[in-house]
Amino acid sequence: MQELCAILNDGKQTKGEKMKRHIKKELLATVEMLGKMNDSILGVMVTDPQGVTEALIQCQESAAFMGNYVEALETESTKVVQLLEEYCETLYQISVMLPDVMRCRKLVKKVRKELTALSNLIKYEIPDGRKEIVFLPYKAAMWDSLESVWEAARRDEGCEAYVMPIPYYEKNPDGSLGELHDEQRNYPEYVPVLDWKEHDIAAWKPDIAYIHNPYDQYNYVTSIHPDFYAKRLCQFVEKLIYIPYFVHQNDVVAEHYCVLPGTIYSNVVVLQSEKVRMRYMEEYRKATGIREGLEKKFVAYGSPKFDFRIKGGREDGLPEDWKRAIYKNGRRKKVIFLNTHLNMLMALYCEDFFKKLETIFETFRRNQDVVLLWRPHPLSRETVKSMNPEAVERYGKIVQDYQEEELGIYGISSDLYRAVDVSDAYYGNRSSVTELFKAAGKPVMIMNHKLHGGGHGNISADK
């Protein structure tokens, strides 16, 4: 009884609203529970009349609370409320007739019919509210992995689509949680966002939640806020859907990606290709021993990261500093997109990587017909602090000098596609961004961080 009251009060529905879908499920579950309680009365009617009386009172209280809640909705609720009243009256008659077992048995049968009719009315005559879908990105720069799905959901008249950016912690070198980051102000103006501090998922219970971070606490560099771990979210949403924020290059998948928390606890995992899907299912099956239901859990719908349109050098809405860098004397320079990945900032590669950056920057200083658009991985600073703290000062100085000297564009905004769109070619480490340039038909050169002289890398065969 108390649990039902809490659930309905958390629903916070007012007159005129359609019933939230999870509330409807709870009402139906309560009707089922009432049926079980009434059936149990027969077995103890003679031996425990006091217990039967208490059970009947609890059933009446639950029914009355349900009736008041349903009556507040402008729906086809009259019949439901009427049936609940009839049910309460039958319970009263049972309490009066308790000494008479035969008459009570007939009344219990009547209760069964009333509860069956009540269940059908709730199912078919109380209309559902719109399906509530919440998108839970944690890095604004990775919003591209969910954006096209959100756009489709908000166009669907049967859905209410919300974006609620979730906070994340940097991790200290010892693995403990460090500084908390909240990037809700970094999203494009056309994306309305909810403040995570004002919405409790456990009370809200949206129908569907989309996530793109699979790690929970198992990332060395960051951790999303524990309130939003996949292991917890799956308890409060009807369906949890995981879409990776990254793309597996050439459909090659490392084993550990297949058994992260986001993969394990999600109801659906959306993958970029059939080959990747088969790999996930194989490794998931090995790790968990689960064989049933994998065909529905893992789906190859493609990555939303590719749901964009390259328009070939679109200049509309470019920041002023980008325009100054790209245009000179009325002539447009070629733009080379420089992408640097996290693994270059770990101690094993760091010195080679810093020397490589110095060589690259010097090359572009000498060539005034080409401009560099440097977009480091969004977690570069956090990675250096957590994995290679001795390099924090030097990396920060490199970034600072690049910006102060205005060697090129420093692109760390959430609008990755604008950067891809305006660039003429790609240079850097292999990553998901590499695949975007290939899809756009633009040249790709992969960096060799150990070469600091004339050679820089190899042009990809996949252009």
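The model is predicted, so local features need pLDDT of at least 70, side-chain atom pairs count only at pLDDT 80 or more, and totals for chains, interfaces and linings use all residues. Residues are numbered from 1 along each chain as its sequence is written, and side-chain values use heavy atoms, with hydrogens and water left out.

Let's begin with the general idea: side chains of opposite charge can pair when their charged atoms come close. A salt bridge here is a side-chain nitrogen of Lys or Arg within 4 Å of a carboxyl oxygen of Asp or Glu. Searching the whole structure turns up 24 salt bridges.

Start with K385 and E170, whose closest N and O atoms are 2.9 Å apart. This pair links distant parts of the chain, 215 residues apart: K385 sits in helix α14 (residues 380–387) and E170 in strand β3 (residues 168–171). Helices (H or I, at least four residues) and strands (E, at least two) are DSSP runs, numbered from the N terminus. Are the two partners buried or exposed? Buried means under 20% relative accessible area, exposed over 50%, and partly exposed in between (1.4 Å probe, protein chains only). K385 is partly exposed at 35%, whereas E170 is buried at 8%.

Next, look for R394 and E351, with 2.7 Å between their closest N and O atoms. R394 is partly exposed at 31%, and E351 is partly exposed at 39%.

Finally, find R279, E282, E283 and K286, which are linked in a network of salt bridges.
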